[in-house]
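Let's take a walk through a protein model together. Have a look at the sequence and the 3D view, and then we'll go through a loop and a pair of helices.

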Amino acid sequence: MAQRVALSEGGNKKPSRVRVAVRLRPFLAQPDERDDGPCVRGLDSQNLEIINWRNATESVKYHFDAFYGEKTTQQEVFLSSVKPILPHVLNGQNASVFAYGPTGAGKTHTMLGSSEQLGVIPRAVREVFNLVNAKDANEGWDYKIGMSYLEIYNEKVLDLLSPNSQDLPIREDKDKNIFIPGLTHITISSFSDFDSHFVPASLNRTTASTKLNQRSSRSHAVLLIKVVRTWRALHHRQQTGKLYLIDLAGSEDNRRTGNQGIRLKESGAINLSLFTLSKVVDSLNSGTAIRVPYRDSKLTRLLQDSLGGSAHSVMITNIAPEYKYYFDTFSALNFAAKSKLIVNKPFTRETVAPPVLTVKRARETHEAQESGTEPQKKRQKEERKTEQDVPSSSTSVQSLSESSVMDRLIVLEKLMMSCQDKDRLGMLKDVAQSRKEIQELKEKQKELEIKAMLFRSTGWRKGRHQTGVSLQKHCGSSAEETAKCNKTQQTAGGGPTPTSVGAPASAATRGESQETIGLRQEERQEDSRAS
């Protein structure tokens, strides 16, 4: 049976904080809009500031792992934030990259890009293949790469590789891993193979036009790249790494988007899932929450491994510089600032299925078929051996107690031989206490044996005394009645009796020993006192 082993580089799960990068979209001023300039600007490669809406003369500053300005290229974003976490996937660990921000801030452009400017997703998949191809063949590992692609639309999980599929459930296995039964998984051998499946599937994603975005994503898209490496010498040993590439739908203000009907319903589902995401982040940062609300939304259920789970996570927050997006940008920056405090615990997932158990079971089955009764005889022999090893009820407690004390005494003596002088005093006290316990147990055993002997002797005499008294009550004084009583006593006592009460017969006549004669005399004395 397969056994899942949690391994890490340092022996324990090494904490890894969620890395947060902020990307500022170029300023896009509409001809009919007032040009007030940008409301946010970058200070350096990690810091930015946004105007304080309460006081325009002040600003609010933020610090992140990376800040990408308007002129930052797609390649710079990938090389700085995404590429460093990809080697973990080949080592059996999980990694995730997701884009967050308001609608129209450039999330889909960051993740997908265009044919001229490839986004994070195609660059990451190509880099995974490059890493696999760069592996030395002498390392002894065989790699296999697969992909799955889905979207969460109106709280329904839909398979983009199989457009006709229905809402799929989200499950969790015994190892706390999230999976989706029924989701299509395709094995890919090259980047061109990936592209041939990914491009048509992306066209199945739900998009629509709004006042703020001509091509607005109406769902959350999740691409899963699964890398399984198998040890060439032992095929039962596998390590599985997963890469999640997620393009989240943007939060929307329906007063500005003008959504109605189906667009309004879609916007409500998007905003609700993003609100649940913010609650999950708040619960993780509080440190005192009894329950993290992962199950309150399909999105947070899928992101359970990325936020507070076991993945190396990178969040790219996209923001817009225009004043009309001010409050959306301000909220996105606050969410990003809270998310960078989340700590994950990545570890290697290795599945081991030793073949020895299967061989042994097959051999036992084969032997049972040939011999028929040999396994049964073996079990009977083991049962008899177990019964012989079990001590009797009268001495079990005593022998077990003495055995445990003796074992402890032997261990203490061995320790005393190897310990230092300062520790020997304590050892000697323990040895003396153990010897005292053994002596007390032996004395108690002697007392119990004496009491048992007295109990057996007293019970036999009492039984003989009661028999003699009852016979005397029924016997008369005549010779005939006395003879009858003697015959009755002879039958009850198991031997000849005197011909008359109180007249002892000779020892030769009865053939009894001196000890038996003494016991007889004691019985007569007791009988005379009782009468």
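A residue is called buried when its relative accessible area is under 20%, exposed when it is over 50%, and partly exposed in between (1.4 Å probe, protein chains only). Keep in mind that this is a predicted model, where local features need pLDDT of at least 70, side-chain atom pairs count only at pLDDT 80 or more, and totals for chains, interfaces and linings use all residues. Residues are numbered from 1 along each chain as its sequence is written, and side-chain values use heavy atoms, with hydrogens and water left out.

Start with Pro 102, which sits in the loop between β8 (94-100) and α3 (107-111). Helices (H or I, at least four residues) and strands (E, at least two) are DSSP runs, numbered from the N terminus. Pro 102 has a relative accessible area of 1%, so it counts as buried. Apart from its neighbours within four places in sequence, Pro 102 is in contact (heavy atoms within 4.5 Å) with Lys 107, Gly 250, Ser 251, Asn 318, Asp 328 and Ala 332. Thr 103 lies in the loop between β8 and α3 too, and is buried because its relative accessible area is 4%.

Now move to helix α4 (residues 120-134) and helix α5 (residues 191-203). Which residues in α4 meet α5? They are Ile 121, Pro 122, Val 125, Arg 126 and Phe 129, and their partners in α5 are Phe 191, Phe 194 and Phe 198.

Terms used. Axes fitted to C-alpha atoms, helices over the stretch in contact; angles between N-to-C directions.
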